[in-house]
Structures are given as C-alpha cells and as structure tokens.
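Please look over the sequence and the model shown below before reading on. The report then takes up a few of its features in turn.

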Amino acid sequence: MALLTILRYPDPRLHRRAKAVQAVDERVRQLAADMAETMYDAPGIGLAATQVDVHEQVIVVDVSESRDQLMVFVNPRIVASSHELRPHEEGCLSVPGFYDDVTRPAQIEVEALDLDGKVFRLQAEGLLAVCVQHEMDHLQGKVFVQHLSRLKQARIRSRMLKLEKERRQEDTATASERSA
Ligand code: K1U
Ligand code: ZN
C-alpha cells in the first residue's frame, strides 16, 4: 500500500473530468487500497481519485466514527435524489483549513460497481449523502468551493496560493540549511 499525494486547490488538475473505469481489476483494487490509506492518514471521510491525480471514476468513503466502514464506489452515478435540499458544512482535503455550508439534496440513491465489479445500489442520507455527492463532484472536476459565491472563491484561491508560496519558501530554506 502507498500514501498518495493529494492535489491542492487551485491546481488545474482538480478540474479534469474522470473517465469511467473499463474493468475492475487488480490495478483498480490497488488504487482503491492506496486511496483508502491516504484518506485514513489525512484524516478524511472521503477521497476521489481526481484528488490524487488519477482521472478515473473511483471514490472511497468512510463516515463511521470507528473508521472501519470503508465504502468503495467505482463508476458511481446518482439514480435518484430528493427534492428536499439541506445545507451542511463541508471541508475538503484539497482545500485544507476552509469550511463552508453547501446545500445539496438531503437523500440520494447511488448505483456503482464494487471491487468485484458487481453492481450495487445504496440509499444515503445525512453525512453519507453529503460526502458521496462531494466526492462525485470531484469526479466531474468540481471542488466544493465552486458552490460558494465568487467572492468567497476568490478569497480562498488567493489564500491557498499564498500558503503554497510560503510552503515553497520554507522548503527552499530547509533545503539550503541542510546543504550548508
Ligand atoms: O473530498 C475530500 O476532500 C474529503 C472531505 C470529505 C467531506 C467532508 C465534509 C463534508 C463533505 C465531504 C474530508 O474528509 S475533509 C475532512 C473532514 O471533514 C473530517 C476529517 C476527519 C474526521 C472527520 C471529518
Ligand atoms: Zn474534497
């Protein structure tokens, strides 16, 4: 297993649309295992392949408190969603430190393939529904901040770019200290 690097907003690769998985084989099972390890390590309650720069339709989710209820969805699609909408605070491992309310359908039904390539359906509500929709947005190249106002998006973007610049400067300083 391996820890994967999570892309950070506003990396343009986060806006690529993921392609459908053609065959659920050992490569896809290994990807899901690595994604799960990366999600638990972060820690997070979900992760989409897009976030680790793999542009295929795979998401992993675990909203349990015990952190032992891993769900893997290959080629997920929403087959039903409620008219009822509900706001929920969201965060994102690609936008660390930023949280805001997003309004989405309160209940959904998802169809996907499992790691044996078998079709399954799941009805979800609450945090599970929020997380699955958030991860499916990633597969469409959409980051949760795109649900917010233009002003909030611009603020988050510039703060993320500033943090990235500071991180690079720290890395350069550490590297030159080491080589001195
Ligand atoms: O997609 C991601 O970046 C993961 C994201 C999922 C998510 C969180 C909240 C609402 C919708 C979707 C996260 O996991 S952010 C981290 C987080 O919320 C969390 C981490 C550890 C324990 C509990 C929550
Ligand atoms: Zn996210």
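Are Cys92 and His138 buried or exposed? Cys92 is buried, and His138 is buried as well, where buried means under 20% relative accessible area, exposed over 50% and partly exposed in between, with a 1.4 Å probe and protein chains only.

## About the model

This is a predicted model, in which local features need pLDDT of at least 70 and side-chain atom pairs count only at pLDDT 80 or more, while totals for chains, interfaces and linings use all residues. Residues are numbered from 1 along each chain as its sequence is written, chains are lettered from A and ligands numbered from 1 in the order in which they are written, and side-chain values use heavy atoms, with hydrogens and water left out.

## The zinc site

Cys92 (SG), His134 (NE2) and His138 (NE2) coordinate the zinc ion (ligand 2) at 2.0 to 2.3 Å. Donors are N, O and S atoms within 2.8 Å of the metal (3.2 Å for Na, K and Ca), and because water is not among the atoms, sites may look incomplete. Along the chain, the donors of this zinc ion follow the spacing C-x41-H-x3-H. Cys92 lies in the loop between strand S4 (85–90) and strand S5 (100–105), whereas His138 lies in helix H2 (residues 126–139), so the pair ties together parts that are 46 residues apart in sequence. Helices (H or I, at least four residues) and strands (E, at least two) are DSSP runs, numbered from the N terminus.

## Gln51

Gln51, in the loop between strand S1 (46–48) and strand S2 (58–61), is buried, with a relative accessible area of 2%.
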